[in-house]
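Hi everyone, thanks for having me. Today I'd like to walk you through one protein chain, a piece at a time.

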Amino acid sequence: MDNYQEKYTLESVDYGSQLRGKSFVTSIGFSAWHWHYEYELMLVLKGKVTLRSEKWTGPVTEGNLVLVNSKELHSIVGGNEANLCGFVQLSPDLFRSGTEDKRQFRFFLNSMNQDEQPEEGIVSIRNHVSRILMCTLIEQEQTVYRLRGEMYSLVADLVEGADYDILMRRQKEETGSEELLDMIDYIRRHAAEDHLSAMLAHEFGVGEKTLYRYFKAGLGMSVRDFIEEMRVQQARKLLRTTDHDMPFIIDACGFGSEKTFYRSFQKLTGQTPLSYRKSDGGDTGHAEVRGYLDYERYEALDLLKGFLS
């Protein structure tokens, strides 16, 4: 799936201020083609699903683990058989040594593929993923410390044990699609800045008309519209996860004025910021991306305990 002229969906992954990752368990019906900035490890706890990605397509069966890289297009499809899957999503920041570190890891980790298994085996990495998922399901306040420790240990095991390539930002062989994703990442990190379109053009050495063509071709929207959408996404996260007042959020997300904030927010969410906060976000996620189904929490815990034993 290397034709980025199709309109794929960016899935925004929200996680709290105490962690740079997210974990959850769900039964999969389907997910449309999408991508996200986070690295994603999928552990199949029961049954079988089919993973479709840029580099590999095939079934993933019970007990097997696959890593989807940052910004990698993928889709997951369940079948007639009941399934249960655990996901751990890790921020790329966890893999960087500092703010000036521009490296990007491209991992090769797939226990269904003999060529992508760590020399030391998959067990240690799978155990970290299992313990992270158990911490998430237990939902006790003190587990956040265990969760944080397991996430850092998982990152260390991936870097020390898995095969990977290291890409440097703006490599000459970088494709246009990857450059577009880098532009999107730049917008995400600088959304609060004024004159963001001009900053983006300067950073990547292109004209604003060229930017317009990139975004129209790749995402079906203008740079201006994408910046507005990204700012609203960030505002939604702050409304949902913090007690910051409206002036703080307006400033932090780069809206410039209260009028612009309220107009943009209501246009893209159908709610005012205040009603959105009162409804605890009212967020069902990307309906066009996710096909998550209900599951029994205690069944998931028993399956995870089985992997760890």
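Let's begin with one residue. D163 has 42% relative accessibility, so it counts as partly exposed; that class lies between buried, under 20% relative accessible area, and exposed, over 50%, using a 1.4 Å probe and protein chains only. D163 sits in strand β11, residues 163–168. Strands here are DSSP runs of E with at least two residues, helices are runs of H or I with at least four, and both are numbered from the N terminus.

What does D163 touch, leaving aside its neighbours within four places in sequence? It is in contact with R106, F107 and F108, where contact means heavy atoms within 4.5 Å. D163 also lies 7.2 Å from E116, C-alpha to C-alpha, although 47 residues separate the two in sequence.

A quick word on where this comes from. This is a predicted model, where local features need pLDDT of at least 70 and side-chain atom pairs count only at pLDDT 80 or more, while totals for chains, interfaces and linings use all residues. Residues are numbered from 1 along each chain as its sequence is written, and side-chain values use heavy atoms, leaving out hydrogens and water.

Now, the whole chain. It has 10 helices and 12 strands, and 48% of its 309 residues count as buried. Among contacts between residues at least 6 apart in sequence, 72% join residues at least 24 apart.

Next, please find helix α1, residues 123–138. Its 16 residues reach 22 Å from first C-alpha to last, close to the 22 Å expected at 1.5 Å a residue; the expected span is 1.5 Å times one less than the number of residues. Its buried residues include I125, V129, I132 and L133. Which elements do the buried residues of α1 pack against? Among them are β2 (21–28), α2 (143–161) and α10 (297–308).

The largest nonpolar core has 35 residues, and L41, L90, F95, L154 and L158 have the most contacts inside it. α1 gives the most to this core, with seven residues. Such a core is a set of buried Ala, Val, Leu, Ile, Met, Phe, Trp, Tyr and Cys residues joined through side-chain atoms within 4.5 Å. Apart from this core lies another, of 22 residues, among them L73, L180, F215 and M230.
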